[in-house]
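Please keep the sequence and the structure open beside the text while reading.

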Amino acid sequence: AYFRLHHTTTTATPATIRDLVLKGTNTALVEYFHTDSAWFAFVLTPTDLQGIRLPTDTLLEAQVRAFRQSVEAYPTTTGPQVPAVAEEYARTAYALYQKTIAPLRTLTPLPETLIVVPDGMLSYLPFEALLCELPAHFQYFKTHHYLLRDFQISYANSATQLTELLATSGKRAPQQLLAMAPSFEDRRYQLNPLTHNQPEASAVARLMRGELRIGNRATVQAFE
């Protein structure tokens, strides 16, 4: 897949993407594209294609980093630093929403499901956690207007790769499974009895329609 992505000479057309990805769905594919001096976004729906230059600036990369740092730092932050970290998250989440999603919602009505194809620094951005409004109380996280409240979001590395995956009929693995769960109660190998291996092996064998050997039936001879 990596070789094809970097060396293929063909790319998926809007018609192909509509047919393989969007047909019969209430979904839009949102693809971002970064040049040396500008950011662009393209919104493809089952019936429309729109493109827009985004109002980004040199602060975008720093804001993505600040956003991620605030999310990662908050669970372990204590004392007087907590309000500051919560405010940093809220302000950067809202600023990034204004630069990446808000212009698209002004450009065209977005359906309830989005497939995001990011580029550059946006590949490190969890769009679901962006804020559509700047909250009045930064630490009241349950009341925040997250983008996730408005859209179901999934991701793809590229539209071409996504269509290739959907166009390729996957091969099912042969349903040949032997699930072994010995008890080790006699401690012949100086191992303590296992607590959860038998329920886990049973669940896997049931899921894969395989053969199950537990307890005294889980022998070396059965495995061979």
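Why does phenylalanine 42 count as partly exposed? The model is a predicted one, and in it phenylalanine 42 has a relative accessibility of 39%, which lies between the 20% limit for buried and the 50% limit for exposed residues, so it counts as partly exposed. Phenylalanine 42 belongs to strand S2, which covers residues 39-44, and together with Phe33 and Leu49 it makes a nonpolar surface patch of about 290 Å².

**Strands and hairpins**

- Strand S1, made of residues 27-34, pairs with S2 in the antiparallel sense over six bridges, and the two strands form a hairpin with four residues between them.
- Across this pairing, histidine 34 stands opposite tryptophan 39 of S2.
- S2 also pairs in the antiparallel sense with strand S3, residues 49-53, over five bridges, and a hairpin of four residues joins S2 to S3.
- Within this second pairing, alanine 41 has isoleucine 52 in S3 as its bridge partner.

**Aromatic pairs**

- The count of aromatic pairs in the model comes to five.
- One of them joins tyrosine 74 and phenylalanine 141, whose ring centres are 5.0 Å apart and whose planes stand at 80 degrees, so the pair is edge-to-face.
- Because tyrosine 74 lies in the loop between helix H3 (60-73) and helix H4 (81-100), while phenylalanine 141 lies in the loop between strand S4 (113-117) and strand S5 (152-155), this pair ties together parts that are 67 residues apart in sequence.
- Tyrosine 74, at 26% relative accessibility, counts as partly exposed, and phenylalanine 141 is also partly exposed, with a relative accessible area of 23%.
- Another pair is that of phenylalanine 127 and tyrosine 155, where the ring centres lie 6.3 Å apart and the planes are at 50 degrees, so the pair is tilted.
- Phenylalanine 127 counts as buried because its relative accessibility is 0%, whereas tyrosine 155, with a relative accessible area of 37%, is partly exposed.

**Ring cluster**

- Ring pairs also link Phe67, Tyr74, Tyr89 and Phe141 into a cluster.

Technical notes:
Residues numbered from 1 in each chain as written. Predicted model: local features only at pLDDT ≥ 70, side-chain atom pairs only at ≥ 80, totals over all residues. Heavy atoms only, no water. Patch = residues over 30% accessible without salt bridge, like charges linked within 9 Å, V, L, I, M, F, W, Y side chains within 5 Å. Areas by Shrake-Rupley, 256 points an atom, 1.4 Å probe, with all protein chains shown as cover. Salt bridge = Lys/Arg side-chain N within 4 Å of Asp/Glu carboxyl O. Buried < 20%, exposed > 50% of the residue type's maximum accessible area, 1.4 Å probe, protein only. Pairing = 2+ DSSP bridges. Phe/Tyr/Trp six-rings, centres within 6.5 Å; stacked < 30°, edge-to-face > 60°.
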